[in-house]
Amino acid sequence: MVDWHSPAEVAKDGVAFGRFMHCLLGVYIWEFVVSFDFDWQYITGKRTFRWPMVFYFLNRYCLLFALMGIAIALNVTEPVNCQGLYTFNQCFGNAAIGLASINLSLRTIAVWSRRWFIVVPLVLIILGHWSLLLHGILLKAAWIPGQGCAITDTDNKLLAATFIYSMVFDLTVLVLTAFKLVYPASGRSRLVELIFKDGLIYFAIAFLANLLATIFMLVNLNAVMSIIANVPAAIASTIVAGRIVRRLSNFTSQGPEMFPSTTQGSTIAFRSNMSAGLRPKFATKVSTAKSEGVHVQMETFESPVDKTTFVEYEAGGELSKGDSFDPESQAISNEFKRPPY
C-alpha cells in the first residue's frame, strides 16, 4: 500500500506534476497554433466581431497566460515574488474555467432560442460560479530555498466546492442541450443538427474533466495529487468550448450565430438552394409568326416545355391564344415564378 503522505512519495509526485504540466503546456500550445488562423481572421477584420467572441478570446488567452505562469513557477531558479506569481496564475486559471463555462452556456442559450426560463437561471448560476472562482484566488505562496516557489496555504474546502460547482454547472448545460436536441419543439434546425452531430460530445468532455478533478480533490491523497487534475480540467474545458465556438462561427459566413431563428434558417436554406442551381432561369425568345406579329415566349429551363409552362403573349401583354389558362391565377408552387411582363 502506497503511503501517499510520506515525504518521498510527495517529492516523487511533485516531479511527476512538473513534467505533467509541461506536457499540458505543449498540448495547449499545439491547439492554440492550429486554430490561430481563426483568431487572425478577426484580428485582420476578415470576420465581423460580435460580442460573444469576447468570452472566446478571453478564455483562450487567459489560459495561455496561466500556463506560461505555471511553467515559470516550476522552472525558476532565483528568488522571485512567488506570492504575486501564484496570484497571477490562480487569477487567470480560474478566469479560464469560468469563461469556458460561459461559452458552453451561450451555446445552450442559442439552442433554446433565448427562452427567459433558460437565460435567467443560467445567468444566476454564472454569477455564483464566478463568486467562488474569485474567492479561490486568495492563497499564499513563498520562496523555499532548494525547492523554489511553493503554495504555503490555501482553502482546500473552497477549492473543492468550486470544482463541484463547475461539475454541476457543466452537467446542467449538458442536460439542457441534450434535452433540446433530442426533443425539439418545432423541428430540428441546421444549427441543432450541427451541435447534435459534432458538438454534444464537447459538453460531455467538459463535464468529465471537471468530474475527474473533483474526485482527486475529494480523495485528497496528498497536497500534490489533490490538485494534479485541476489544470487538465481547465485545459479540456477551454479546448472544447473554443471548438464549439469555432464550429458555430463557421456555420455561416456572417460570424457566430449567437441566437439562431427559424427565419434565418430558412434564409440560409434559400441561399444554399440558389447556389445549388435551383433558382429558375428565364429566357425570352422573340420570333415572328405568320400575321400575328411579335410573340414573347417565356419558359423555365428546369421544366419541359408544355402547355402549363409555355405561354405566348402578344406585344401588348395579352394572351395570343384563346386559352382559359391564366398564369396569374395559377396555384403557388415551390418554384420561384417571375410574373410575366
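Me: Which residues does threonine 238 touch, not counting residues up to four places away in sequence?
Reply: This is a predicted model, in which local features need pLDDT of at least 70, side-chain atom pairs count only at pLDDT 80 or more, and totals for chains, interfaces and linings use all residues. Residues are numbered from 1 along each chain as its sequence is written, and side-chain values use heavy atoms, with hydrogens and water left out. Threonine 238 is found in helix H8, helices being DSSP runs of H or I with at least four residues, numbered from the N terminus. With contact meaning heavy atoms within 4.5 Å, threonine 238 touches Tyr28, Asn59, Arg60, Leu63, Ala96 and Ala100.

Me: Does threonine 238 count as buried or exposed?
Reply: Buried means under 20% relative accessible area, exposed over 50% and partly exposed in between, with a 1.4 Å probe and protein chains only. Because its relative accessibility is 3%, threonine 238 counts as buried.

Me: How many charged residues does the contact of H4 with H8 have?
Reply: Asp, Glu, Lys and Arg count as charged; Ala, Val, Leu, Ile, Met, Phe, Trp, Tyr, Cys and Pro as nonpolar; and the others, Gly among them, as polar. The contact of H4 with H8 has 9 nonpolar and 3 polar residues, and the number of charged ones is 1.

Me: How many of the residues of H4 are buried?
Reply: H4 has 30 residues and reaches 44 Å from its first C-alpha to its last, close to the expected 44 Å, a span given by 1.5 Å times one less than the number of residues. H4 is largely enclosed by the rest of the structure, because the number of its residues that are buried is 24 of 30.

Me: Is H5 roughly parallel or antiparallel to H6?
Reply: Helix H5 (residues 116–135) and helix H6 (residues 156–182) pack at an angle of about 160°, with 9 Å between their axes. Angles under 35 degrees count as roughly parallel, over 145 as roughly antiparallel, 65 to 115 as roughly perpendicular and the rest as oblique. The angle of about 160° therefore makes H5, relative to H6, roughly antiparallel.

Me: Which helices are included in what covers the buried residues of H1?
Reply: Helix H1 (residues 7–34) has 28 residues and reaches 41 Å, close to the 40 Å expected. Its buried residues include Phe17, Met21, Leu24, Leu25 and Tyr28. What covers the buried residues of H1 includes H2 (36–43), H3 (53–75) and H8 (230–249).

Me: What is the phi of serine 113?
Reply: Serine 113 is found in the loop between H4 and H5 and, at 39% relative accessibility, counts as partly exposed. Although serine 113 is not a glycine, its phi is positive, at about 55°.

Me: Where is asparagine 220 found?
Reply: Asparagine 220 is not a glycine, yet has a positive phi of about 55°. At 39% relative accessibility, asparagine 220 counts as partly exposed. It is found in the loop between helix H7 (190–219) and H8.

Definitions and conventions
Helices (H or I, at least four residues) and strands (E, at least two) are DSSP runs, numbered from the N terminus. Axes are lines fitted to C-alpha atoms, for helices over the stretch in contact, and angles run from 0 to 180 degrees between N-to-C directions.
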